[in-house]
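Please look over the sequence and the model shown below before reading on.

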Amino acid sequence: MPETIGAVHFVGIGGAGMSGIARLFLGAGHRVTGSDVRDSDAVRVLRELGAEVSIGHDAAHVGDADTVVVTGALWQDNPEYRYALEHGIPVLHRSQALAWLIRSQRLISVAGAHGKTTSTGMIITGLIGLGQDPSFVNGGVIQALGTSSARGSGEWFVVEADESDGSFLLYDTSVALVTNVDPDHLDHYGSFEAFEDAFVTFADRARELVVISADDPGALRVKERLSHRRVLTFGEADSADVRVHSIVAEGPVEFAIDHGGATYRTRLAVPGVHNAINAAGAFAVLVGVGFPPAETLAAIAAFGGTGRRFELHGTVGGVSVYDDYAHHPTEVAAALSGARTVVGEGRIIAVHQPHLYSRTRLFAGEFAEVLETLADETVVLDVYGAREDPEPGVTGQLVADRFNDPSKVAFVADWQEAADHTARIAREGDFVITLGCGDVYRIVPQLLGSLERERG
């Protein structure tokens with residue numbers, strides 16, 4: 001880690017995590033430049049805040065930057081990355097850059113295969129409601145705050161810690177929240193065992209407290225291996241230190257929490273059993289560091305959701321179009337189950353974009369089972385490869401072929417054809433939900449347009 005960072009250039013500055021970190025560097029008084037493959041709302045906001053952002057990748061964009069920040073999704077032949085290496089400019093992973101910013105603050109790191117963004121948002125919302133002024137970086141925009149990151153004046157710093165490439169091990173964490181240890185990112189780790197090993201290391205390094213799921217099998221295996229002196233568990237299990245129960249999931253979810261011999265009840269502004277459990281994890285974190293239970297739960301209940309988590313984009317002819325970041329079978333199940341509690345008599349039409357060739361190959365059957373069980377109709381798009389090269393025979397068709405009832409699924413690679421097909425099968429009262437962490441959200445305007453032509 002360099003002593004100073006100086007002027008910072010971000011390669012891929014428009015991404016959810018990168019744009020948030022860039023905003024923090026701007027807030028700390030650094031000159032910030034960056035590049036991305038396309039313009040976006042995040043890029044426009046950064047420009048308004050003073051960043052110089054170029055579209056496209058070119059070595060000339062690095063300019064006189066003192067430090068270059070990259071992500072694990074970077075292609076090794078990126079010209080800006082190559083220029084930095086050839087000219088001796090320090091190159092930091094985004095987590096290293098963030099760790100440099102966090103120095104001396106009490107860090108709450110939220111990790112897990114899924115649930116991170118919502119849990120992080122709940123902790124941030126809770127801290128603010130409790131009169132704190134935290135700094136934070138989240139993987140999605142917190143709706144009530146209109147931003148995914150901010151630099152506060154208080155002692156707390158909250159981050160969504162990315163386990164996908166092991167970078168969550170770079171943080172000097174005070175409080176570690178592990179939402180689950182559901183196997184994922186095996187393209188990086190190579191085995192389930194290595195994936196779980198990383199979580200053991202992450203949790204045991206926390207200086208003050210570990211909060212971990214009492215329900216998830218992987219989390220339970222990790223917990224049994226921890227040597228940490230202070231561990232709190234949360235979930236629906238009878239053994240949980242923070243036990244969530246009496247969940248009513250029709251509409252915005254209601255539930256009760258047992259902790260320390262007392263029961264606390266609340267209702268969230270968001271639907272889904274999974275969000276009651278996320279709230280229990282956030283509650284355990286904040287109560288675990290000393291905040292009063294009743295006030296903590298009331299503060300968390302003010303959480304209004306994050307961008308790309310069951311986010312409504314429009315309604316045409318009685319058909320509502322939502323977008324959700326879910327990209328793992330467990331996440332897809334949670335998103336669709338949550339939608340089912342509020343769709344009423346309507347149907348759910350899932351528009352699924354598989355993410356990564358390796359994940360699609362490994363989990364095609366699981367995706368098909370969840371989609372066929374929990375959605376009424378499914379439209380599968382082609383794979384969003386992100387950092388991976390294509391694999392022969394691995395397309396969205398792989399997921400569609402694993403459905404037991406082929407009448408419930410259509411693989412449509414062309415986006416306009418997919419939007420038109422979705423509009424044709426949609427009925428009044430239905431929810432259309434795009435699912436994926438790639439660029440599937442970009443099909444939403446096409447879906448709304450096709451619905452307008454079909455039903456408007």
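The notes that follow take up a sheet, a helix, a single residue and some aromatic rings.

This is a predicted model, in which local features need pLDDT of at least 70 and side-chain atom pairs count only at pLDDT 80 or more, while totals for chains, interfaces and linings use all residues. Residues are numbered from 1 along each chain as its sequence is written, and side-chain values use heavy atoms, with hydrogens and water left out.

**An open sheet and the helix on it**

- Five strands, paired in parallel, form an open sheet in the order β3-β2-β1-β4-β5; strands (E, at least two residues) and helices (H or I, at least four residues) are DSSP runs numbered from the N terminus, and two strands pair if DSSP finds at least two bridges between them.
- At the edges of this sheet are β3 (52-55) and β5 (91-93), each of which pairs on one side only.
- On average, neighbouring strands of the sheet are turned by 20 degrees against each other, direction ignored; axes here are lines fitted to C-alpha atoms, for helices over the stretch in contact, and angles run from 0 to 180 degrees between N-to-C directions.
- Strand β1 (residues 8-11) pairs with strand β2 (residues 32-36) in the parallel sense over four bridges, and histidine 9 has threonine 33 as its bridge partner in β2.
- Helix α1 (residues 16-27) packs on the sheet, where it touches β1, β2 and β4 (67-70), and its direction makes about 170 degrees with that of β1; contact means heavy atoms within 4.5 Å.

**Helix α15**

- With 12 residues, helix α15 (residues 444-455) reaches 16 Å from its first C-alpha to its last, close to the 16 Å expected at 1.5 Å a residue, where the expected span is 1.5 Å times one less than the number of residues.
- Val444, Leu447, Ser450 and Leu451 are the buried residues of α15, buried meaning under 20% relative accessible area, exposed over 50% and partly exposed in between (1.4 Å probe, protein chains only).
- Seen down the axis of α15, the buried residues fall within an arc of 125 degrees, so they line one face of the helix; the arc is that of the directions from the helix axis to the C-beta atoms.
- Pro445 and Arg453 are exposed on the other side of α15, whereas the cover over its buried residues includes β16 (311-316), β17 (319-324), α14 (415-425) and β21 (431-435).

**Threonine 120**

- Threonine 120, which has its place in helix α5 (residues 116-129), is buried with a relative accessible area of 0%.
- Apart from neighbours within four places in sequence, threonine 120 is in contact with Val110, Val137, Asn138, Val158, Val159 and Glu160.

**Aromatic rings**

- A search of the whole structure finds nine aromatic pairs; rings of Phe, Tyr and Trp (its six-membered ring) pair if their centres lie within 6.5 Å, and planes under 30 degrees apart count as stacked, over 60 as edge-to-face and the rest as tilted.
- The rings of phenylalanine 168 and phenylalanine 202 are stacked, because their centres are 4.8 Å apart and their planes at 20 degrees.
- Phenylalanine 168 lies in the loop between β9 (156-160) and β10 (175-178) and phenylalanine 202 in helix α7 (residues 192-204), so the pair ties together parts that are 34 residues apart in sequence.
- Phenylalanine 168 counts as buried at 1% relative accessibility, as does phenylalanine 202 at 3%.
- Phe168, Phe195, Phe199 and Phe202 form one aromatic cluster.
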